[in-house]
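Please look over the model below before reading on. My notes are brief and numbered.

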Amino acid sequence: MHSDESTLPENAKALYEAVQGEKELVWSDGNHYDYYDSPKQMDNAVANVTRFFRSHLTEGQAA
């Protein structure tokens with residue numbers, strides 16, 4: 001999860017490109033602090049992370 005208004009967006013993109021394996025970059029809106037203080041951004045982040053983990057982790061891997 002990241003946005004153009006969050007801290008160091010180009011670094012987030014570079015990290016994403018460097019990570020190998022299953023990955024997904026969700027680009028949203030809002031500034032850095034919205035992901036701590038705004039229900040809209042927090043709910044979106046949690047929903048996307050939850051969806052990703054549910055689709056890429058099996059029950060045996062979750063430990």
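The points run from the whole chain down to single residues.

1. Basis. This is a predicted model, in which local features need pLDDT of at least 70, side-chain atom pairs count only at pLDDT 80 or more, and totals for chains, interfaces and linings use all residues. Residues are numbered from 1 along each chain as its sequence is written, and side-chain values use heavy atoms, with hydrogens and water left out.

2. Overall fold. The protein chain has 3 helices and 2 strands. Their order along the sequence is β-α-β-α-α. Helices (H or I, at least four residues) and strands (E, at least two) are DSSP runs, numbered from the N terminus. The C-alpha atoms fill a box of roughly 35 × 30 × 15 Å along the principal axes.

3. Surface and contacts. The accessible surface of the chain is about 4900 Å². Carbon and sulfur atoms supply 55% of that surface. Areas come from the Shrake-Rupley method with a 1.4 Å probe; for residues, only the protein chains shown count as cover. Of the 63 residues, 21% count as buried. Buried means under 20% relative accessible area, exposed over 50%, and partly exposed in between (1.4 Å probe, protein chains only). Take the contacts (heavy atoms within 4.5 Å) with a separation of 6 or more: 54% of them join residues 24 or more positions apart.

4. Serine 6. This residue sits in the loop between strand 1 and helix 1. Is serine 6 buried or exposed? Serine 6 counts as buried because its relative accessibility is 8%. Its side chain makes a polar contact with the side chain of serine 3, at 3.0 Å. A polar contact is a pair of N or O atoms within 3.5 Å; within protein, one must be able to donate a hydrogen and the other to accept it, and residues adjacent in sequence count only if both atoms are side-chain atoms. Beyond its neighbours within four places in sequence, serine 6 touches Gly30, Asn31, His32 and Tyr35.

5. Leucine 8. Leucine 8 lies in the loop between strand 1 (2-5) and helix 1 (9-18). Its phi is near 50°, a positive value in a residue other than glycine. Leucine 8 counts as exposed because its relative accessibility is 51%.

6. Phenylalanine 53. This residue belongs to helix 3 (residues 39-56). Why does phenylalanine 53 count as partly exposed? The reason is its relative accessibility of 45%.
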